[in-house]
Amino acid sequence: PMVMQMGTGELRVDFPDSGAAKGGSRSFFVDDGFVQMVDNELTILAASAVAAEKLTESDAQAELAAAEARRTEGLAKPDADRIRRERATAAAKVRAAKHFRASGGI
């Protein structure tokens, strides 16, 4: 058995061909969570997950611009750290939206 912490970024799930199911892949943008592998079964618990096809580069860029506009000077460390994390998450979302679009997504 394993338990691991997830970070922020793109998560791709590949489905096998089996029976009537044709398999394929699905991508999500996840932010924090855990994965657990027990008895050859994977459980994913994400704090936040958005299907990649719902991401738009323009929305992600706007989120990044808003996060970058927030000032950290003079803030208490927890507040400044939260803003830095929001910036990193927004930048990762921009990368995921670009990757999904470049790989043939809408």
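This is a predicted model: local features need pLDDT of at least 70, side-chain atom pairs count only at pLDDT 80 or more; totals for chains, interfaces and linings use all residues.
Student: Why is Met 4 called partly exposed?

Tutor: Buried means under 20% relative accessible area and exposed means over 50%; Met 4 has 39% relative accessibility, so Met 4 counts as partly exposed. Met 4 lies in strand β1.

Student: How do you know that Met 4 is in contact with residues beyond its neighbours within four places in sequence?

Tutor: Contact means heavy atoms within 4.5 Å, and, leaving aside the neighbours within four places in sequence, Met 4 is in contact with Gly 33, Phe 34 and Val 35. Met 4 and Phe 34 are 30 residues apart in sequence, while their C-alpha atoms are 5.6 Å apart in space.

Student: What makes β1 and β3 the edges of the sheet?

Tutor: The three strands form an open sheet in the order β1-β2-β3, with antiparallel pairing. Strands β1 (2-15) and β3 (41-51) each have a single partner strand, so one side of each is left without a neighbour in the sheet. From one strand to the next, the twist averages 40°.

Student: How do you know that β2 and β3 are paired?

Tutor: Two strands pair if at least two bridges are found between them, and 10 bridges join strand β2 (residues 24-38) to β3, the two running antiparallel.

Student: How do you know that the reach of α2 is close to the expected one?

Tutor: Helix α2 has 26 residues and reaches 37 Å from its first C-alpha to its last, close to the 38 Å expected at 1.5 Å a residue. Just after α2, Gly 104 takes a positive phi of about 105°.

Student: Why is the set of Phe 29, Leu 55, Ala 92, Ala 96 and Ala 97 called a nonpolar core?

Tutor: A nonpolar core is a set of buried residues of kinds such as Ala, Leu and Phe, joined through side-chain atoms within 4.5 Å, and these five residues form the largest nonpolar core. Helix α2 (residues 77-102) gives the most to this core, with three residues. Not counting residues up to four places away in sequence, Phe 29 touches several residues, including Leu 55, Ala 92 and Ala 96. In soluble globular proteins, nonpolar side chains tend to be buried together.

Terms used: Residues are numbered from 1 along each chain as its sequence is written. Side-chain values use heavy atoms; hydrogens and water are left out. Buried means under 20% relative accessible area, exposed over 50%, partly exposed in between (1.4 Å probe, protein chains only). Helices (H or I, at least four residues) and strands (E, at least two) are DSSP runs, numbered from the N terminus. Axes are lines fitted to C-alpha atoms, for helices over the stretch in contact, and angles run from 0 to 180 degrees between N-to-C directions. The expected span of a helix is 1.5 Å times one less than its number of residues.
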